[in-house]
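Here is my note on the model, as numbered points. Please keep the viewer open while reading.

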Amino acid sequence: MKFGFIGAGNMAGAIIKGMTIGTKSYKGEDISVTSKTVTSARKLAEVCGAVAVETAAEVVKNADVLVLAVKPHVLAAVVPDLKEEIAARKPLVVSIAAGKTLDYLASLLPEGTPIVRVMPNINAKIGAATSGMCVNEYVTEEQKKIVKEVFETIGAVIEVEENHFGIFTVLAGSAPAFAYLYMDALARAAVKAGMPKKQALEIAAATVEGSAKMVLESGEHPMALVDQVCSPGGTTIQGVRALEEGGFRAAAMNAVIAAYEKTLKMK
């Protein structure tokens with residue numbers, strides 16, 4: 001199986017590194033990559049053992065799976081010029097361009113092209129991404145499996161209906177920023193109480209990580225877990241009360257809704 005990447009930016013780099021270095025699931029020699037100036041492609045290829053090529057057409061000619069990893073606004077300038085090569089090679093096409101629908105991608109590609117839309121998040125950089133995936137009617141179960149296996153090298157992959165991709169983008173794409181803010185706030189409060197910032201941040205991050213695993217692995221509702229931590233008359237319920245007085249949950253919900261409304265305006 002040969003893979004081709006058009007684009008060698010941060011996300012393409014994270015994926016190729018996950019495939020070759022992080023999990024060692026794929027051979028670099030089976031991955032070709034190009035970029036606008038080819039400089040970034042060469043640097044990435046050198047690190048991962050992949051093959052840097054001069055043009056996007058060369059990538060297509062060698063790809064069973066073609067990953068479009070360019071900026072969303074660049075797709076319309078790049079993809080139509082490759083129609084002839086794509087029609088000849090008939091690769092499975094994967095797009096990681098934010099906001100670009102399956103129908104939009106299909107309008108740029110030869111008729112009948114199998115297309116998978118994937119949305120990874122920033123945590124791909126450490127192999128802990130949450131990637132959403134949806135497909136068009138031409139994608140087979142085997143092809144879905146191929147794409148899942150590729151993106152599982154950088155984290156979890158969740159199939160999402162395309163009409164939910166906007167809110168997925170917020171939950172998986174924007175919410176990490178909200179989580180970072182929360183962890184920083186916890187650490188700064190600890191600093192106010194006299195703890196060194198580095199240690200406080202390490203504790204806050206580990207606590208958030210463990211709490212997330214608890215929700216995922218226990219199957220219990222978050223509020224049920226809150227009740228388990230809150231002893232009668234204890235410190236935790238006092239803190240929870242302060243959060244509620246400050247509108248913590250409402251603020252979090254408003255942040256998600258505001259980000260989602262922005263995605264709707266970007267279509």
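1. Basis. This is a predicted model, in which local features need pLDDT of at least 70, side-chain atom pairs count only at pLDDT 80 or more, and totals for chains, interfaces and linings use all residues. Residues are numbered from 1 along each chain as its sequence is written, and side-chain values use heavy atoms, with hydrogens and water left out. Helices (H or I, at least four residues) and strands (E, at least two) are DSSP runs, numbered from the N terminus.

2. Aromatic pairs. The whole structure contains three aromatic pairs. In one of them, F3 and Y26, the ring centres are 5.3 Å apart and the planes stand at 85 degrees, so the pair is edge-to-face. F3 belongs to strand β1 (residues 3–6) and Y26 to the loop between α1 and β2, so the pair ties together parts 23 residues apart in sequence. F3 and Y26 are both buried. Cut-offs for rings of Phe, Tyr and Trp (its six-membered ring): centres within 6.5 Å; planes under 30 degrees apart are stacked, over 60 edge-to-face, the rest tilted. For accessibility, buried means under 20% relative accessible area, exposed over 50%, and partly exposed in between (1.4 Å probe, protein chains only).

3. A pair within a helix. F165 and F168 form a tilted aromatic pair, 6.0 Å centre to centre with 35 degrees between the planes. They are three residues apart in helix α8 (residues 165–192), so about one helical turn separates them. F165 is buried, at 2% relative accessible area. F168 is buried too, at 9%.

4. Charge over ring. K100 has its charged end over the ring of Y104, 4.6 Å from the ring centre. The criterion is NZ of Lys or CZ of Arg within 6 Å of the ring centre and within 35 degrees of the ring normal.

5. D30. This residue sits in the loop between α1 (10–22) and β2 (31–34). Which side chain does the D30 side chain meet in a polar contact? The partner is K2, at 2.8 Å. A polar contact is a pair of N or O atoms within 3.5 Å; within protein, one must be able to donate a hydrogen and the other to accept it, and residues adjacent in sequence count only if both atoms are side-chain atoms.

6. Positive phi. V38 has phi near 70 degrees, a positive value in a residue other than glycine. V38 is in the loop between β2 and α2 (39–48) and is buried, at 4% relative accessibility. K90 has phi near 55 degrees, again positive and not glycine. K90 is in the loop between α5 (83–89) and β5 (92–95) and is exposed, at 66%. Most residues other than glycine have a negative phi. Please check both loops by eye.

7. Cavity. There is one cavity of 30 Å³ or more. The largest cavity holds about 40 Å³ of space. Its lining includes F3, F5 and M19. Helix α7 (141–151) is among the elements that each supply at least two lining residues, and α7 gives the largest share, three residues. On a 1 Å grid over the protein atoms alone, a cavity is a set of points where a 1.4 Å probe fits but cannot get out; lining residues have an atom within 4 Å of a point. Grid points are joined across faces, edges and corners, and a volume is the space filled by probe spheres set on the points.

Key: On a 1 Å grid over the protein atoms alone, a cavity is a set of points where a 1.4 Å probe fits but cannot get out, and a pocket is an open set with protein on both sides within 12 Å along at least five of seven lines; lining residues have an atom within 4 Å of a point.
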